[in-house]
Amino acid sequence: MTTTSDKDTGVIRVICVAHADGSLTFDLPLSAPAGTAHLLLKARPRKGVPDPAVRRLPFEAAGGDRVRAVLDPVPALEEGRWDAFLVREPDAVPERLAAGPLDLRVLVDGGCLDRPSPVAVRIPYRALDGFLAVRAWLRPAHAETDRIAVDGRATTVTARLHGTELSESAVVRLRGRGSGAERTVRPGTAGDGRGFTFTVGHAELAGGDGTDVRYWDVDVVPAAGAAPVRVGRVLDDVADRKQSFVYPATNAGGRLVRPYYTVDNDLSFEVNDPG
């Protein structure tokens with residue numbers, strides 16, 4: 001497997017490999033690097049964050065006309081999306097790097113291993129414009145979904161908690177986005193304090209009691225008074241689930257209810273009128 005530069009555009013394509021220890025390697029088709037050349041990961045701007053974080057990764061020779069940069073498992077990347085650039089010298093304009101082959105095989109079954117707190121995740125991916133980016137999550141705890149089963153009246157979710165454990169008082173909470181509305185469901189728990197299942201009745205979300213909420217976000221509260229933990233799916237090789245994991249909508253009292261993944265791969269429910 002080799003990388004190539006696009007001779008017409010000058011864009012450099014990168015091989016990115018995820019490793020079992022949590023590190024990422026970036027291979028570029030360049031001759032031996034100058035001492036100041038480096039790969040730059042830059043967080044995309046976020047509301048309320050005036051100066052996006054950056055991470056500078058030095059190059060090392062990787063054989064032939066190739067160099068390699070390594071993103072170590074620690075320190076973790078801040079949560080968000082990070083774009084990859086080549087910086088050839090201190091005052092040079094950073095050059096966007098195109099995504100070449102992505103070897104993410106070790107991430108596929110990432111949800112099978114229990115993660116300590118904080119739960120740190122990074123998934124390289126090809127952005128819509130073809131450039132290389134890394135999606136990162138960094139949370140004190142995380143509830144990873146597994147199976148989501150939708151029938152005519154309810155959705156049943158199987159999940160596993162990482163970074164903390166469930167107590168006997170644990171509840172799953174659905175919060176109406178932009179409103180004070182809440183619904184709680186008592187989960188069924190596994191004996192190890194991590195695995196759990198819960199069922200959400202669609203009629204409870206459809207507004208039959210006069211509550212008009214379009215989006216319901218799903219948390220698990222592991223113990224009375226504990227901080228809520230967002231439910232979603234991030235511990236595999238899929239950086240963006242919203243458009244590729246689509247669940248059916250069912251009619252509940254004249255309104256359509258369906259589970260879906262948000263742009264952050266978090267689990268929510270959407271309520272719409274038919275038509």
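Biologist: Which residues lie nearest the centre of the second largest pocket?

Modeller: Arg 44, Arg 46, Glu 79, Gly 80 and Arg 81. They are among the 14 residues that line the second largest pocket. Keep in mind that this is a predicted model.

Biologist: What volume does that second largest pocket have?

Modeller: About 210 Å³.

Biologist: OK, on to the largest pocket. How much space lies in it?

Modeller: About 530 Å³. Its lining takes in 24 residues. Nearest the centre are Ala 20, Asp 21, Gly 22, Arg 115 and Ala 120.

Biologist: What classes make up the lining of the largest pocket?

Modeller: There are 15 nonpolar residues, five charged and four polar. By element, the largest share comes from strand E8, residues 119-126, with five residues.

Biologist: Let's stay with E8. How many bridges join E8 to E9?

Modeller: Eight, and the two strands run antiparallel. One of the pairs is Tyr 125 with Ala 133 of E9.

Biologist: What about the hairpin of E8 and E9?

Modeller: Five residues sit between the strands. Gly 130 in that hairpin has a positive phi, near 90 degrees.

Biologist: Where does E6 come in? How many bridges does E6 make with E9?

Modeller: Four, again in the antiparallel sense. Asp 83 has Ala 133 of E9 as its bridge partner. Ala 133 is also the partner of Tyr 125. E9 therefore pairs with E6 and with E8, and seven of its eight residues are buried.

Biologist: Why call E9 largely enclosed?

Modeller: Because seven of the eight residues in strand E9, residues 132-139, are buried. The rest of the structure largely encloses the strand.

Biologist: Switching topic: cis peptide bonds. Which residues does the one with omega about -5 degrees join?

Modeller: Ser 117 and Pro 118. Pro 118 is in the loop between strand E7, residues 95-103, and E8.

Biologist: And the peptide bond from Val 74 to Pro 75, cis or trans?

Modeller: Cis, with omega near 0 degrees. Pro 75 is in the loop between strand E5, residues 67-71, and E6.

Biologist: Now backbone angles. What is phi of Asn 265?

Modeller: Near 65 degrees. That is a positive value in a residue other than glycine. Asn 265 lies in the loop between strand E19, residues 255-261, and strand E20, residues 267-272.

Biologist: Is Asn 265 buried or exposed?

Modeller: Buried, because its relative accessible area is 0%. The cut-off for buried is under 20%.

Biologist: What about Cys 16, buried or exposed?

Modeller: Cys 16 counts as buried, because its relative accessibility is 0%.

Biologist: And Cys 112, buried or exposed?

Modeller: Exposed, at 60% relative accessibility. The cut-off for exposed is over 50%, so Cys 112 passes.

How values were computed:
Residues are numbered from 1 along each chain as its sequence is written. This is a predicted model: local features need pLDDT of at least 70, side-chain atom pairs count only at pLDDT 80 or more; totals for chains, interfaces and linings use all residues. Side-chain values use heavy atoms; hydrogens and water are left out. On a 1 Å grid over the protein atoms alone, a cavity is a set of points where a 1.4 Å probe fits but cannot get out, and a pocket is an open set with protein on both sides within 12 Å along at least five of seven lines; lining residues have an atom within 4 Å of a point. Grid points are joined across faces, edges and corners, and a volume is the space filled by probe spheres set on the points. Ala, Val, Leu, Ile, Met, Phe, Trp, Tyr, Cys and Pro count as nonpolar, Asp, Glu, Lys and Arg as charged, and the others, Gly among them, as polar. Buried means under 20% relative accessible area, exposed over 50%, partly exposed in between (1.4 Å probe, protein chains only). Two strands pair if DSSP finds at least two bridges between them.
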